Amino acid sequence: MVSRIIARPVNRRTILKSAAAAGALQIASPFVISARAADNIKIGLDNPLTGTYAAPGKNEEIGCQLAVDQINAKGGILGRKIELLSEDSTSGDAGAAVQKARKLIERDKIDFLVGNVNSALAQAIAQVSNEKGVLHIVPGGHTDPITGKDCKWNVFRVCNTTRMEANAVSQLLYTKYGKKWHFITPDYAFGHTLYQGCEANLKKLGGTITGNELTPLGITDFSSYLIKARAANPDVLVVLVQGNDMVNCLKQISQFGIDKQIHVAGTQQELEAVEAMPPEARVGVWMFEWYWKQAGANPGLDKFVSEIRKRTGKVPTARTWFGYVTIHAYALACEKAKTIEAKTVAKALGDMELPDDVKCQPNKVYFRGGDHQLMLSAFIGELMSKGDGDPENLFKVNSVVSGDSIAPSVAETGCQMQMPA
Amino acid sequence: MSQLILFNITNGLIVGAFYALMAIGLSLILNLSGVINFAHGGFLVIGGYLSYTLTPYLGFWGALIVAPFLTAIIGWLVERLLIRRVYGRDPLYSLLLTFGLAFIIEDGTRQIWGAQGLPVSVPAALSKPLRYEFFFITGYRLFMVAMVAVLIVLLFVLLRYTRSGIRVRAGTLDLETVSALGINVRALRSLNFSVGIFLAGFAGVLAAGQLGLDPNMGDGLLMPSFIAIIVGGVGSLTGTLLGGLLIGVAAGVTAVFFPSASDAIMYVMMAIVLLVRPRGLLGEEGMLS
């Protein structure tokens, strides 16, 4: 009896092994499998459903699903129904994301791949889709090389490049807030290229950088970086971290009262993060890649917002729109090409302009044939602590600039597109 | 520069105090039950989310007290229904069980409260820096450290001066003898587990005020707690406390010189301790090896 109650002793090695397993806990994730039919067009979504990017990943999935349902209600693509197979890529484990991409392509025989929120994961699975010759749209990974020096005939992107994001706000921050900038940058592909973009712009404008704090992804405590940033006494504290890291960072900035001494701003900001912040942390000038509340009449936009509200009780975010536009763009390209064969569809997608009910925004929105980058508008403005007119209207849009006005030219991106014969 | 380092040492102590609170609960359970509780971060998340749900009814202070108790009750149930079954088996069983539990709690939280983070505001009186020069010492952070200190002192008093506490300590050293003396070891372990989970729940409520809530907030806090135990020494609660404070300070000071290495420094410290003094700083030799 006693021996059954008494545990075997735990030794140091077991604890060490467990610590290793605890690390694995952060990156491992469950499988998601959906039902499927043989003659359907299959779309594989390889995106985070767990971890720090679970919220944007989920919203992209919701956007994809809405588009799939809308297209199926109208008879599908070329008369065939489409179905969405969703896999959890995790938020930061490239190995898991690649394994899921291979599973979708080899076992599920998908016709079209979508993913990923995380730039590094998007780059990793683009290698797989390219090797397998599967058409692939990156819905929300921003790092430049995806449609820059690593561009591929089969890979398209609907969100901004980091360079476009840096270009959208640099001039404004410089003239409005000052010329000494201090950065808080996430230490991976996205952060690195975003920082490089801002750095290049600031140098061109004649400003100086007082420091760049590279922070590990998923870190919870920013206090030591903030102590350093404040000691450097910059004019602007530029926050480049994303997701929960953004929430934690801005929250600590407001608790420390740093926003009262230094201007706080950044490039990309997202509604998911803003809604997770307490009112006092919602400060600064930012860009949204898409925003649900726009000036002027736009029936396509109104319909999209009300459909998503009906499904989720919340307004769509830029992530929801990325998912939505990804699926619709694919469907339109297939209809235009009259086939789902990847190479032909890729050609149809290059230089394709999106119609009003898909783009849901002003300005011309189109894929650039030279680098497969979508030219989408940037919404520049300021965060509001309390919702204006609607509890979810937390961003005051000051200007909407067209994508081609902030994008570097194809030659500048370093992309040399090789279309297969 | 010296001011910067001084600031970061103080700041590291604040952060480390929080790691210590997590680690002590973890250590308590490990010492008596031999279970490495992977779901500890999950219980932290439960505590945080419960306080979020309770705040509209009880206010911040009410939720601060009630949520950890509710978490402890959930912990007690989990021990009675699940954890208890793996006592006496190879540690791998409890590892797998709590590992799975951590996933279930994380995904359950995501189902109930949503994948998107939730904002938590702390009372206005606490949300400001105390002094302009020491901007990183906010009322709330000071309050956190005070709460951690109170809880740890309380725990040490309980362990030293109450009958159950003495039994827990005795059980840590030699459970077989304690059992042979007619003490109900099962009940003792249930109580001990619940106390450990109470500390996790409390840490969750404190963390929510500092960081806001998201379903995987426990992950990032679990690793430093493990490292605190290993650095401080398995089997010693004082060592765990010291370990927590040490890695907090080390991470803070590293951030001054190599910001991107502030996470890695904890692992480096762990490696050094394991090489130079494998039982940890205050771990008793042969105690649990």
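Biologist: In strand 7 of chain A, which residue is the bridge partner of P186(A)?

Modeller: This is a predicted model, and in it strand 6 of chain A, residues 180–186, runs parallel to strand 7 of chain A, residues 208–215, with seven bridges joining them. P186(A) has its bridge partner in strand 7 of chain A, and that partner is T215(A).

Biologist: Which helix of chain A makes a right-handed β-α-β unit with strand 6 and strand 7 of chain A?

Modeller: Strand 6 and strand 7 of chain A are parallel. Together with a helix of residues 189–205 these two strands make a right-handed β-α-β unit, and that helix is helix 7 of chain A.

Biologist: How many residues of domain 1 of chain A are in contact with domain 2 of chain A, and how do they divide into nonpolar, polar and charged?

Modeller: The domain assignment gives domain 1 as 41–160 + 297–376 and domain 2 as 163–288, and their C-alpha centres lie 28 Å apart. Contact here is counted when C-beta atoms, placed from the backbone, lie within 7 Å, and 16 residues of domain 1 of chain A touch 16 residues of domain 2 of chain A. On the domain 1 side, the residues divide into five nonpolar, nine polar and two charged.

Biologist: Which helix of chain B gives the most to the side of chain B that touches chain A?

Modeller: The contact between the chains takes 65 residues from chain B and 56 residues from chain A. Several helices of chain B each supply at least two residues to this side, among them helix 1 (2–33), helix 7 (185–211) and helix 8 (217–232). The one that gives the most, with nine residues, is helix 8 of chain B.

Note on methods:
Residues numbered from 1 in each chain as written. Chains lettered and ligands numbered in written order. Predicted model: local features only at pLDDT ≥ 70, side-chain atom pairs only at ≥ 80, totals over all residues. Contact = placed C-beta atoms within 7 Å. Helix = DSSP H or I, 4+ residues; strand = E, 2+ residues; numbered from the N terminus. Pairing = 2+ DSSP bridges. Right-handed = clockwise from strand over helix to strand, strands pointing away. Domains from an automatic or database assignment. Nonpolar A, V, L, I, M, F, W, Y, C, P; charged D, E, K, R; others polar.
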